[in-house]
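Here are a few friendly notes to read with the model open beside you.

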Amino acid sequence: MAGTIGFGFFYSFLCYAADFSPGWVMATTWQMTILASLFVLAMFGKKLAKKVWFFTFIIFFGVSLVNFSHIDTNNLEALFLGFFPVLVAAFSYPIGNQMVWEQKKKREEKNQDTKIFKNAFIKVYLLTLGSFPLWIILFFIINPGMPSSGQYINVAFVSLLSGVIATSIFLYARSHANSTSKIILVDAAQAGEVFFALFAEVLFLGAVFPNTTGWIGLFLTLGGLYFLTKSK
């Protein structure tokens with residue numbers, strides 16, 4: 001279940017949204033996972049300070065401005081098809097990760113072996129295996145055909161950079177978070193991808209810089225994340 005939700009829903013909805021939105025818009029919208037994380041943590045019975053919620057809603061407002069700056073009134077369908085799948089992915093990722101974290105805590109409370117939960121690579125491997133049923137179902141529903149040689153190369157880079165390196169480091173940090181506030185800090189660290197995605201897309205793919213509203217949204221998002229990391 002954790003693999004299907006945390007990896008399967010997460011990656012499939014992000015890939016779907018990538019056909020309709022620039023990378024930097026997706027990266028900024030993805031910051032809603034910080035807001036989603038709070039709801040997920042509350043769902044799992046964690047108590048959160050009011051100022052944590054306040055700064056999180058500033059992030060939400062910033063993300064909304066970024067998407068507002070990208071609105072094309074002649075193509076609202078594309079906007080919604082790019083925004084809502086990322087929103088689903090933003091909730092799926094913390095749900096899957098928190099399911100793993102909760103299992104680790106349960107085993108610790110029962111004095112059971114938690115060695116497997118301290119190895120980030122094993123967790124990535126198990127979550128990937130857990131997501132296999134969804135990929136098989138999608139394969140038969142979509143019938144995508146054979147990928148091109150260029151797609152093989154792109155998938156290899158995504159698998160290495162995102163699936164192996166980034167996810168392993170992220171899960172390693174999350175496994176060492178022994179309190180709700182530390183989990184929030186780890187999740188908030190994902191904010192750095194906004195600027196990386198923006199400038200990389202401008203540099204390599206010829207994307208245009210955001211307008212004034214977009215820049216305000218970007219700085220509100222990162223500013224809210226900064227103050228969120230200072231909250232206790």
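**Notes on a pocket and the salt bridges**

1. In this predicted model, the second largest pocket is lined by Met1, Ala2, Gly3, Met99, Val100, Gln103, Ile116, Phe117, Lys123, Leu126, Leu127 and Gly130. Helix H1 (2-17), helix H5 (76-109) and helix H6 (120-142) each give two or more residues to that lining. H6 supplies the largest share, four residues.

2. What kinds of residues make up the lining of the second largest pocket? Eight are nonpolar, three are polar and one is charged. The volume of this pocket is about 220 Å³.

3. Now for the charged pairs. Side chains of opposite charge can pair when their charged atoms come close. Searching the whole structure turns up three salt bridges.

4. One of them brings together the side chains of Glu102 and Lys46, at 3.3 Å from N to O. This pair connects distant parts of the chain, 56 residues apart: Glu102 sits in helix H5, and Lys46 in the loop between helix H3 (32-43) and helix H4 (50-69). Glu102 counts as buried because its relative accessibility is 14%, under the 20% cut-off. Lys46, at 21%, counts as partly exposed.

5. Glu108 also pairs with Lys104, with 3.5 Å between the closest N and O atoms. These two are about one helical turn apart because they lie four residues apart in helix H5. Lys104 is buried, at 6% relative accessible area, while Glu108 is partly exposed at 31%.

6. Lys105 meets Glu108 in a salt bridge too, at 3.6 Å from N to O. Shared partners join Lys104, Lys105 and Glu108 into one network.

Note on methods: Residues are numbered from 1 along each chain as its sequence is written. This is a predicted model: local features need pLDDT of at least 70, side-chain atom pairs count only at pLDDT 80 or more; totals for chains, interfaces and linings use all residues. Side-chain values use heavy atoms; hydrogens and water are left out. On a 1 Å grid over the protein atoms alone, a cavity is a set of points where a 1.4 Å probe fits but cannot get out, and a pocket is an open set with protein on both sides within 12 Å along at least five of seven lines; lining residues have an atom within 4 Å of a point. Grid points are joined across faces, edges and corners, and a volume is the space filled by probe spheres set on the points. Ala, Val, Leu, Ile, Met, Phe, Trp, Tyr, Cys and Pro count as nonpolar, Asp, Glu, Lys and Arg as charged, and the others, Gly among them, as polar. A salt bridge is a side-chain nitrogen of Lys or Arg within 4 Å of a carboxyl oxygen of Asp or Glu. Buried means under 20% relative accessible area, exposed over 50%, partly exposed in between (1.4 Å probe, protein chains only).
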